[in-house]
Amino acid sequence: MANKNYCLMCHESFEEGTGRTVYLTGHEKIEDACCSSECADKYKQKNLEDTVAPLIKTLCNIVNGGSPSALGKALAMSLMREHRYLQAELVNAIAMFCGEYSTEGLEKNRMDARNEAACHQAKRMNVAAYNFSD
Ligand SMILES: [Zn+2]
């Protein structure tokens, strides 16, 4: 009799050996996900969010009492040392971040007086990134 595994995302059981391998950031992988592509996407998204969370915490600690412009300059100079294709990909990700962030704040009501200006600025940056011609 085959052993049963349980998917941590959908909590469905499946026979051992019938699941899928989900490849995560940093060459990590989950061997026993169920065969649903929806669950694979959720594993990947959760892994990304878990990976990014400490980076965001570090950046927030830097601006807490520090200088946003000094951080901006350090980010730019550090990014300039990376592969140019990856620079473009990260800048795209930042533009997309602006859209996601502003949607969370402005449309999903996760905003108050403390982050209202940030949500509006992120919206403007996202609109500028995707609605211009040059
Ligand atoms: Zn699943």
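**Reading the predicted model**

User: Is histidine 11 buried or exposed?

Analyst: Histidine 11 is exposed, because it has 9 other C-beta atoms within 10 Å.

User: Which elements does the protein chain have, and how do they run?

Analyst: There are four helices and four strands. Helices (H or I, at least four residues) and strands (E, at least two) are DSSP runs, numbered from the N terminus. The order from the N terminus is β-β-β-β-α-α-α-α. The radius of gyration is 20 Å, well over the 14 Å of the globule rule for 134 residues, so the chain is more spread out than a compact globule. That radius is taken over C-alpha atoms, and the globule rule is 2.2 Å times the number of residues to the power 0.38.

User: What does the C-alpha trace span along its principal axes?

Analyst: About 60 × 35 × 35 Å. Of the 134 residues, 9% count as buried.

User: Which domains does the assignment give?

Analyst: Domain 1 covers 1–67 and domain 2 covers 82–134. These bounds come from an automatic or database domain assignment. The centres of the two domains, taken over C-alpha atoms, are separated by 24 Å.

User: In what sense do strand E3 and strand E4 pair?

Analyst: Antiparallel: E3 (residues 20–23) and E4 (residues 29–33) pair over three bridges. Two strands pair if DSSP finds at least two bridges between them. Valine 22 has isoleucine 30 in E4 as its bridge partner. The hairpin of E3 and E4 has five residues between the strands, and glycine 26 there takes a positive phi near 65 degrees.

User: What do the buried residues of H1 pack against?

Analyst: They pack against E3 and E4. Contact here requires C-beta atoms, placed from the backbone, within 7 Å. Cys39, Ala40 and Tyr43 are buried in H1.

User: Where does H1 bend?

Analyst: At valine 52, by about 30 degrees, and proline 54 follows within four residues. The bend is the angle between axes fitted to the seven residues ending at a residue and the seven starting there. H1 (residues 37–63) has 27 residues and reaches 38 Å from first C-alpha to last, close to the 39 Å expected at 1.5 Å a residue. The expected span is 1.5 Å times one less than the number of residues. After H1 comes glycine 65, with a positive phi near 90 degrees.

User: How far apart are the end C-alpha atoms of helix H3?

Analyst: They are 34 Å apart, which agrees with the 34 Å that the 24 residues of H3 (residues 84–107) should span.

User: What residue, with a positive phi, follows H3?

Analyst: Asparagine 109, with phi near 60 degrees. It is placed in the loop between H3 and helix H4 (116–130). Asparagine 109 counts as exposed because it has 8 C-beta neighbours inside 10 Å.

Note on methods: Residues numbered from 1 in each chain as written. Predicted model: local features only at pLDDT ≥ 70, side-chain atom pairs only at ≥ 80, totals over all residues. Buried ≥ 20, exposed ≤ 12 C-beta atoms within 10 Å, placed from the backbone. Contact = placed C-beta atoms within 7 Å.
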